[in-house]
Amino acid sequence: MLFSGQAIKVSLLPSGIAQLIFDLEGSSVNKFDRLTMKELGEATAVIGKSDARGVIFSSAKSTFIVGADITEFTGLFATGPEAIRDWIGRANEVFNAIEDLPLPTVAAINGVALGGGFELALSADYRVALESAVVGFPEVKLGILPGFGGTVRLPRLIGSEKAIAWISQGSHIPSKIALAERALDAIVANDDLIAAAERIIEDCLNGSLDYTAQRAIKTSPVPESPETIAALFMSAKPAVAKASGTHYPAPLTAVEVMEKGVLESRAGALVAEREGFIQLAGTSTAANLVQMFLNDQFLASKSRALSKGVPVISKAAVLGAGIMGGGIAYQSALRGTPIVMKDIAQAGLDLGMNEAQTLVAKQVKRGKMTTESADKIIGSITPSLAYEDVAGAELVVEAVVENESVKKSVLAELESVVAEDAIIATNTSTISVDCLATALNKPKRFCGMHFFNPVPLMPLVEVIRGQETSKETIASTVAYAKSLGKTPIVVNNCPGFLVNRILFPYFGAFSTLVYEGADFRQIDRVMEEFGWPMGPAYLLDVVGIDTAVHAQAVMAAGFARMELGFESAIDKLYSQGDLGQKSGRGFYDYVVDENGRLKKQPNPEIDSLIASVSAKRRNFSDSEIRDRLMLALCLETVRCLEDGIVETAIEADMGLVLGLGFPKFRGGALRFIDQLGLTEFCELADSYTHHGPMLTPTAKLREMAKAKLSYYSE
Ligand code: 3H9
């Protein structure tokens, strides 16, 4: 054994070639935490002084190396530029030392090699991988750029144009594509990986391969002329900037860093990369996107713990076909759980099956699914008009119309058919789960399962715990949601649950502004500039004006403070049957374009309609619009946390990100409050308190502000 650490071991193979094995103790994956980087430096020095004939970098885990340790980023980034410069400088020294070893080197990539993991592989002379391996640079998704030499070595190896695409898009690249683009040198079978790496080293030693020439490519400027490079980057940058948008600076910065570096020496290019990294690491976007990764991991571990040991649902059912039922049935069948789709009318079943068929056809058309798989998926959905077919289901999702008495009678009927221990979940967006539970003899086995539309695309499922819901019911429902590929968040029952309870105060602030004479188009623009995928008027059209009117009534009945007290523009649209996208007209008009997509257009009659229910049009500053909408939304999020509707700040914020499209780079409502500062947030709210209780901070929030606490330090 040449080296034995807690993350790395190096031994000599019988061929005299050193095998460096990454196997970080106590971790499910290899990653570049501080310990691993330190040991890599030490092991490289030992190898340099040894008699080894070559080096193979390999992993004892199923992943190769997942990158730098993201869990260290928040602390590291907060230490400021000098500490980051120092950290990257030391990593650069280690990777350069590997690249400069006086012997041939090969990375044997057995699994995921992302970010720093692939940067290590690029420091080696050659890269051989399994077909199942995945490589790439996802750093921009964290708001940063590759900082261990990725922007330096990749363009030299595969060309600037391809490197721009790899790094600015942050995609995971399957090994076959990486091989075709020359980022890998070979793909081999599982049992041949180390032997293949050894063969490459032997070829280097016997002169069939020139590893020093290989190195020279990676350490010299690219061979193109300055004019060619200037033209290439000039045309790439606007496209990258357009694709990433103003709120996500990392992709463009990464491209600018490459532009600065490709004609430099290795050392010069590494400096450009490091300075670009430091610039991005100081942004709130990077801090929030890193927190998004940590939040995802938190949600995954929480739902794992909640559903531990729960038997897999082998047969499910959905009551009520149509778009929602069809979407749930499709998702269940797609993910391998056969499902019965029951309706009272053949027309409903036809609609549901049609929805599922349309969804599989789209996948087939995009080449993402074979026709055999498509047939299998459709075959595992059983449309039925008879309750007997539902009897064997272990979990049934009731997804009939959003009407309390209809739901209650369907639930009672259903309970008399299914097994004693079957789980019954209601897909409702607003109706109290406790109220619906009164229809059942065994409310223990009942909970809410709120899917978002369109089901296949929306990642969130709210799992709603009623007062009587048992732990086992929550566990099975969480497990089923996970098996559908969704992210479940467990919330306690209240009108609107988590997501709609927060959305409707935001819509309320919108309606109030319009009532006071604000232009809804300005409101949409301001909120889109803030980072929302669509402004509130557009969102209302997408959600459906009728749905919004119904849900607003439920919310106002549940929380007196949400009562608007006036006829809103939404009410007016509803009264004349303009229901948004579904009817072709709402705040905007919608027409089908040549690609079959709905296109938003001005509604020529909207201004006179709004004028009939609001004050005369007057000017509002962009900041007032943004403040009033965000204060309403953030304060309701605070109340949900304080009322115990949701257990943690992370779950509240992720509910908004995954369910509403809250801009990720802002991290969520509570994170937004943290970043503004709790005291500053309360002061801002106080400047609008005359607008009523929806914009008034809670006593606990004020106490937290006084105590200098924050939601994410709790
Ligand atoms: C980088 O490298 C920057 C450099 O250029 C240098 C800059 C100067 N750090 O998701 P999973 C853990 S930036 C720490 O459940 P999957 C994860 O927490 C980094 N931990 O499995 C979990 O832990 P546990 C670039 C990480 O199969 C376990 O691994 N790299 C990291 O669904 C399994 O993860 C990335 O952005 C990490 N980097 O997906 C990759 N990655 O077992 C981010 C994973 O305790 N990661 N963990 O619950 C991913 O995309 C996915 O996790 C991956 C596996 C595809 C790797």
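**View 1. Charged side chains over aromatic rings.** In this predicted model, the charged end of K342 sits over the ring of Y387, 4.4 Å from the ring centre. Here a charge sits over a ring if NZ of Lys or CZ of Arg is within 6 Å of the ring centre and within 35 degrees of the ring normal. Likewise, R666 lies over the face of F530, at 3.8 Å from the ring centre.

**View 2. The aromatic pair of W87 and F277.** These two rings form a tilted pair, 6.2 Å centre to centre with 50° between the planes. Rings of Phe, Tyr and Trp (its six-membered ring) pair if their centres lie within 6.5 Å; planes under 30 degrees apart count as stacked, over 60 as edge-to-face and the rest as tilted. W87 belongs to helix α3 (residues 81-99) and F277 to helix α12 (residues 266-281), so the pair ties together parts that are 190 residues apart in sequence. Helices are DSSP runs (H or I, at least four residues), numbered from the N terminus. W87 is buried at 11% relative accessibility, and F277 is buried at 3%; buried means under 20% relative accessible area (1.4 Å probe, protein chains only).

**View 3. A cluster of rings.** Ring pairs join W87 and F277 into a cluster with F22, F32, F64, F73, F77, F95 and F148. The structure holds 24 aromatic pairs.

**Notes.** Residues are numbered from 1 along each chain as its sequence is written. In this predicted model, local features need pLDDT of at least 70, side-chain atom pairs count only at pLDDT 80 or more, and totals for chains, interfaces and linings use all residues, while side-chain values use heavy atoms, with hydrogens and water left out.

Technical notes. Helix = DSSP H or I, 4+ residues; strand = E, 2+ residues; numbered from the N terminus. Buried < 20%, exposed > 50% of the residue type's maximum accessible area, 1.4 Å probe, protein only.
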